Amino acid sequence: MEIDIEIDSLTDCLIDRSTGEKFDTVYRLISKTITKDDAQKLMKAGWKFDWSVPHSEGYEIYELMVKGSNEIQGLIALKHYRDQLFTFVDLVESNPNNIGQNGRYEGVGAHLFAIACKLSFEVGNEGYVQFISKTNLIEHYQKILGAQLIGNQSMFLDTTAAYNLVKKYFSEEAK
């Protein structure tokens, strides 16, 4: 799937756009299978993608939340290719309430990529993360995330770009 999440800014947490208040985050693997019914509920709440599809295709799905809250602020679907030393991101989506200049939280998109990078390091893939970008966002991902173009719309984050994201979002753990 083509990734089309806008990376609004690199923050070290999530920032409430209306107050400027900073919020610590947590993320976790969704271990329960996302059914078609679950995906329909998300779509009725404004989410764009059918999250049951990547789950049924063997992707791990992680949810990002503000610490102390169960409200999902973003989702990411990824799969580790240990034999090829990279982690592939199939789908990334921010909670509909966070989209655009009037969205609630700033920093969700980059935080989701930071999670992918962190997990890539943890499984021995040296931080390498690959994804397919929408054509109109290629330059945006190059500039904001430090992503590199492989060909056509395929992009990747190398060890340096991944380390920078992990350090930004997980500074306490990187020390």
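Q: Which residue in S11 does Val129 stand opposite?

A: In general, the strands of a sheet pair through backbone hydrogen bonds, in either a parallel or an antiparallel sense. In this predicted model, Val129 stands opposite Leu157 in S11. The two strands concerned, S9 and S11, are antiparallel and share four bridges.

Q: Which other strand is joined to S11, and by how many bridges?

A: Strand S10, residues 148–151, is joined to S11 by three bridges, and the two run antiparallel. Within this pairing, Gly151 stands opposite Ser154. The hairpin of S10 and S11 has two residues between its strands, and Asn152 there adopts a positive phi near 50°.

Q: Are the faces of S11 covered or uncovered?

A: Both faces are covered: Ser154 and Phe156 are buried on one side, as are Met155 and Leu157 on the other.

Q: In what sense do S7 and S9 run?

A: S7 and S9 run parallel and are joined by two bridges. Gly74 has Ser94 in S7 as its bridge partner. The hairpin of S6 and S7 has four residues between the strands, and in it Leu85 takes a positive phi near 60°.

Q: How many residues of S7 are buried?

A: Nine of the nine residues of S7 are buried, and the strand is thus described as mostly covered.

Q: What is the strand order of the open three-stranded sheet, and which strands stand at its edges?

A: The order is S3-S2-S8, with antiparallel pairing. S3 (22–23) and S8 (105–106) are the edge strands; each has a single partner strand, so one side of each is left without a neighbour in the sheet. Strand S2, residues 14–16, pairs with S3 in the antiparallel sense over two bridges, and Leu14 stands opposite Phe23 in S3.

Q: Where is Thr19 placed, and is Thr19 buried or exposed?

A: Thr19 lies in the loop between S2 and S3. Its relative accessibility is 54%, so Thr19 counts as exposed, the cut-off for that class being over 50%. Sequence distance and spatial distance can both be given for a residue pair: Thr19 and Ser94 are 75 residues apart in sequence and 20 Å apart in space, C-alpha to C-alpha.

Q: Which residues of the largest nonpolar core touch the most other members?

A: The largest nonpolar core has 37 residues, of which Val89, Phe113, Phe131, Tyr141 and Leu157 touch the most other members. Among the elements that give two or more residues to this core are strand S5 (60–66), strand S6 (72–81), helix H4 (138–145) and helix H5 (159–169). H3 gives the most, with nine residues. Apart from this core lies another, of 14 residues, including Tyr59, Ile61, Ile72 and Ala77.

Q: Which residues does Phe131 touch?

A: Leaving out residues up to four places away in sequence, Phe131 touches Ile3, Phe88, Val89, Phe113, Tyr141, Ala147, Gln153, Ser154, Met155 and Leu157.

Q: How many disulfides does the structure hold?

A: A disulfide is a covalent bond between the sulfur atoms of two cysteines. This structure holds zero disulfides. Cys13 is in none, and the nearest cysteine sulfur, that of Cys117, is 18 Å away. Both cysteines can also be read for burial: Cys13 is buried, with a relative accessible area of 5%, and Cys117 counts as buried at 0% relative accessibility.

Q: How much space lies in the largest pocket, and which residues lie nearest its centre?

A: Rolling a probe the size of a water molecule over the atoms shows where empty space is left. In this model, about 330 Å³ of space lies in the largest pocket. Its lining comprises 18 residues, of which Ile5, Glu6, Asn98, Ile99 and Gly100 lie nearest the centre. S7 and H3 are the elements that give two or more residues to the lining. The largest share, three residues, comes from S7.

Conventions. Residues numbered from 1 in each chain as written. Predicted model: local features only at pLDDT ≥ 70, side-chain atom pairs only at ≥ 80, totals over all residues. Heavy atoms only, no water. Pairing = 2+ DSSP bridges. Disulfide = S-S within 2.5 Å. Buried < 20%, exposed > 50% of the residue type's maximum accessible area, 1.4 Å probe, protein only. Core = buried A, V, L, I, M, F, W, Y, C linked by side-chain atoms within 4.5 Å. Contact = heavy atoms within 4.5 Å. 1 Å grid on protein atoms, 1.4 Å probe; cavity = no way out; pocket = protein on both sides within 12 Å on 5 of 7 lines; lining within 4 Å. Points joined across faces, edges and corners; volume = space filled by probe spheres on them.
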